[in-house]
Amino acid sequence: MTDATVRASAAPRRVLFVTGRLAEPALRRVLTNTALPFAYEVAVLKITVAALMTTPWIARNLDLPDGTDLVMIPGLCEGDPQVIVDKVGVRVEKGPRDLRELPVHFGRPAASAAYGAWDIEIVAEINNAPRMTRHEIQKTADYFHESGADIIDIGCTPGLAFPALADVVRECKGGGRRVSVDTFDSHEILTAVEAGAELVLSVNGSNVDVVSALAGTGARVVAVPDLGGGLETLEPTLEALARHGVPYLIDPVLEPIGHGFTASIARYAETRRRHPEAEMLMGIGNLTELTAADSTGVHAVLVAICQELGIRAVLTTEVIPWARGAVKEVDVARRLMHYAVTQRTIPKGVDNRLVTIKDPAVLEYSEDELRALQQGITDPNFRIFADRDGITVLNNERYVHSAEVGRLDSLFARLGVDEATHAFYLGTELAKAGLAVTLGKNYRQDAPLSWGYLTPPDDQRPGHTRLTGRPSRPHRPPPGARED
């Protein structure tokens, strides 16, 4: 980084927006209709499709007006912005992938350097570990750790012997991970702790005798109510733990919906009232694994409850298919909710990675905008646009619109395409556009749909198929080239 590079958090005073000829009218319209807290200019480089720019090409062709302290290049532009920074000496950023998102891009709350902090630990359970090979256990532990888990929980199976437990704990510890054990069996608890487990799930009146043996080990214990009992059954267990100097967390136990879910949430609040300084844990997998609903929203709400109640540890797992990705989702949620609660702001417009099925905002196109765009097109490449009103396909000769996303065959027939390669390409893109309209998502040609934290990386290199000949290949325009 050069000394001239401004800190990413600094507010710009004069911004230079870089674009191509085709996008210039739309960019100027968006900027004119947006109340921006800075002055700006638009640099229209000698290229038609802005997304085909590369950062080295921009660096060679960009003239920087005096007073500019931020250069905003197209979000789909390929390459490292540092190449331009080294040439012009001011901060350079990639904008959103769609220029109509600029108002949101500049209007969102400043998530400052504070965003990303968290204070809730994630305990990720490997269920039924005795039924798995040691290789499978380590592979799952690696996956959970990479997803954001702080502690790997070895889940024992009641009634099933686990002779490899000590070795499994040591192997997990050897990989630099923190480890817990999930069992009520006193022998398994002591075996795991002796091998290096730092957390025990769980202890209640049924196995409280093990507490004396845990004294001095440094292991923490999760205390839960007796089976079928209320909060009052916690007190003898907590007294035993305190008497032997064993550190503990309290888990009042989250119940599934239909089995006292709301009452169990109230128990957590009551436990916090009775024990204002106690560490607490919530087993959120009891809800996500037993509720047939997308887990992202469920995790967001549960982690928000934990954040507000001062519950600083959650236990989760990924057994049922709809809960796959739970650890990553909780990792995102704990950062979002920590920011919302500590900054006293709503968890919106800061981090949208938990919005997966629908998009945070659906951009729309008016017919006038698309007709104006078509007037600037000189090639037969098809451009595809989709919003809640349907799908539009256009090039220099055709303008085809359909509001019936269930009848894409009818739309396709009006395009006059019969070459197999082009038909396959357009069929794939139209199917993706139809899915976007159905779900309420933004469609961008030659780019994957956004699925929040699940979005796969793309090559950021769009291309359009031609009406005749082979599909055009993504390429870098040579210096000074006119991309028409």
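This is a predicted model: local features need pLDDT of at least 70, side-chain atom pairs count only at pLDDT 80 or more; totals for chains, interfaces and linings use all residues.
1. Helix H9, buried side. In helix H9 (residues 234-243), the buried residues are Leu234, Thr237, Leu238, Ala240 and Leu241. They lie on the same side of H9, because the arc they cover around the axis is only 160°. The cover over these residues includes strand E8 (199-203), helix H8 (211-214), strand E9 (220-223) and strand E10 (248-250).

2. Glu239, Ala242 and Arg243 are exposed and sit on the face of H9 turned away from its buried side. After H9 comes glycine 245, which has a positive phi, near 70°.

3. Helix H6. The buried residues here are Leu165, Ala166, Val168, Val169 and Cys172. Their arc around the axis is only 165°, so they share the same side of H6. Among the elements that cover them are helix H5 (134-147), E6, strand E7 (178-182) and helix H7 (186-195). Glycine 176 follows H6, and its phi is positive, near 85°.

4. Threonine 157. This residue is located in the loop between strand E6 (151-155) and helix H6 (165-174). With neighbours within four places in sequence left aside, the contacts of threonine 157 are Asn128, Pro130 and Arg131.

5. Threonine 317. The loop between strand E13 (313-316) and helix H13 (326-342) holds threonine 317. Its relative accessibility is 7%, and it therefore counts as buried. Two polar partners can be named for its side chain. A polar atom of that side chain lies 2.9 Å from the backbone oxygen of glutamate 125, and a polar contact of 2.4 Å links the side chains of threonine 317 and asparagine 127. Beyond neighbours within four places in sequence, threonine 317 is in contact with Glu125, Asn127, Glu289, Ala323 and Ala326.

6. Strand E14. Five of the five residues of strand E14 (residues 383-387) are buried, and the strand is mostly covered. Arg383, Phe385 and Asp387 point one way from E14, while Ile384 and Ala386 point the other way; all are buried.

7. The E14-E15 hairpin. E14 pairs with strand E15 (residues 390-394) in the antiparallel sense, over five bridges. Two residues separate the strands in this hairpin. Within the pairing, leucine 394 of E15 is the bridge partner of arginine 383, and valine 393 of E15 stands opposite isoleucine 384.

Note on methods
Residues are numbered from 1 along each chain as its sequence is written. Side-chain values use heavy atoms; hydrogens and water are left out. Buried means under 20% relative accessible area, exposed over 50%, partly exposed in between (1.4 Å probe, protein chains only). Helices (H or I, at least four residues) and strands (E, at least two) are DSSP runs, numbered from the N terminus. The arc is that of the directions from the helix axis to the C-beta atoms. Contact means heavy atoms within 4.5 Å. Two strands pair if DSSP finds at least two bridges between them. A polar contact is a pair of N or O atoms within 3.5 Å; within protein, one must be able to donate a hydrogen and the other to accept it, and residues adjacent in sequence count only if both atoms are side-chain atoms.
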